[in-house]
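Colleague: I would like to learn how to read strand pairing and a chain contact from a model. Could you take me through one?

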Amino acid sequence: MPMKLRLVGQMLVTCVAAACAEVPPLGHVDWLDFLQPGTTTRAVVADRLGTPDATFEGGRILTYWVAADAGGYFKPRQHDLRTHSLVLVFRHDDVLDRHSLVKVRGE
Amino acid sequence: MRHRSTHRLQVAIGLMAVALLPACVIPLPIAEAHRQGTRENLGDAAKEFIVAGKTTRRDVLLRLGQPFGAALDESWVMYVCVRSKGGVLVFIYPSPAFPAFETVDYTRLVIYFDEAGVVERTQLEQRTCRETELIAQGGDVKPRPCIDVLGKDLPLVRERRARD
């Protein structure tokens, strides 16, 4: 009986520890640092960020949904994680002209 | 003898519980929350920077981000904020459907552009609606929102003016 109790106790401690363990942040503070107007090309953006969520003006403007947590920014896999909209405007030579990161959730 | 009376009491309690079951109504509060996919920071301030005849589509996107909807020819873009101010869900046992009563704030900002991509005009609509939704096993019966957040009332492409 004491052996069984000890086992149950250990299991409880393990469960509580697992539940209380902090989930590591998904974001990286420097995830978007590669975006440099006048330097970054469309190919680099496609390679790093993948397919855009929307395009405008014949592909000159691309938008991506971005999520943020304690670690920084990351690409959200779920709609409810979207906190920012990244807007990228390219020049005619496919080099980044301007960009902005717009907060869409949170006052 | 004692065992028999206990059994009778259990049966009586069981019968009372069954008799009360049709009247089992539990109100559950619905918390305040933004509807998924709509933005949280949209209001009068969002359109203050827009100057008709000057601000471009590019400026709008850079300032407000990805719109909730857009015309096929990008002649308008639409930003939407839908916030539930809370309400109550009435749980009825053993009913297969439960009504939910909610107060919802709707904000829709539509920005129209000319053929050069410059803002022609803006349209900001704000309404508060009381909605009743029926949550059922076969599928929810949702009310028609008092502002069309899907933009089905807007033209898919720029409306061509009749030529002389």
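Colleague: Which residue stands opposite B:Gly69 in S4(B)?

Modeller: B:Met78 does. This is a predicted model, and the pairing is read from its coordinates. B:Gly69 belongs to strand S3 of chain B, residues 69-70, which is joined to S4(B) by two bridges in the antiparallel sense.

Colleague: How many residues lie between S3(B) and S4(B)?

Modeller: Five, and the two strands form a hairpin. In the turn, B:Glu74 has a positive phi of about 60°.

Colleague: How many bridges join S4(B) to strand S5 of chain B?

Modeller: Twelve, with S4(B) and S5(B), residues 97-113, running antiparallel.

Colleague: Which strand does S1 of chain B pair with, and in what sense?

Modeller: Strand S1, residues 24-30, is joined to S4(B), residues 76-93, by seven bridges, and the two run antiparallel.

Colleague: What about strand S2 of chain B: how many bridges does it share with S4(B)?

Modeller: Two bridges, again antiparallel, for a strand that covers residues 33-34. B:His34 has B:Arg83 of S4(B) opposite it. Putting the pairings side by side, S4(B) is a partner of S1(B), S2(B), S3(B) and S5(B).

Colleague: What share of the residues of chain A counts as buried?

Modeller: Burial is a neighbour count, with a residue taken as buried if 20 or more other C-beta atoms lie within 10 Å of its own. By that count, 16% of the 107 residues of chain A are buried. For contacts, the thing to look at is sequence separation. Among contacts in chain A with a separation of 6 or more, 45% link residues 24 or more positions apart.

Colleague: How many residues does each chain put into the contact between them?

Modeller: Chain A supplies 20 residues and chain B supplies 14 residues. On the side of chain B that touches chain A, six residues are polar, five charged and three nonpolar.

Definitions and conventions: Residues are numbered from 1 along each chain as its sequence is written. Chains are lettered from A and ligands numbered from 1 in the order in which they are written. This is a predicted model: local features need pLDDT of at least 70, side-chain atom pairs count only at pLDDT 80 or more; totals for chains, interfaces and linings use all residues. Two residues are in contact if their C-beta atoms, placed from the backbone, lie within 7 Å. Ala, Val, Leu, Ile, Met, Phe, Trp, Tyr, Cys and Pro count as nonpolar, Asp, Glu, Lys and Arg as charged, and the others, Gly among them, as polar. Two strands pair if DSSP finds at least two bridges between them. Helices (H or I, at least four residues) and strands (E, at least two) are DSSP runs, numbered from the N terminus. A residue is buried if 20 or more other C-beta atoms lie within 10 Å of its own, exposed if 12 or fewer, and partly exposed in between; C-beta atoms are placed from the backbone.
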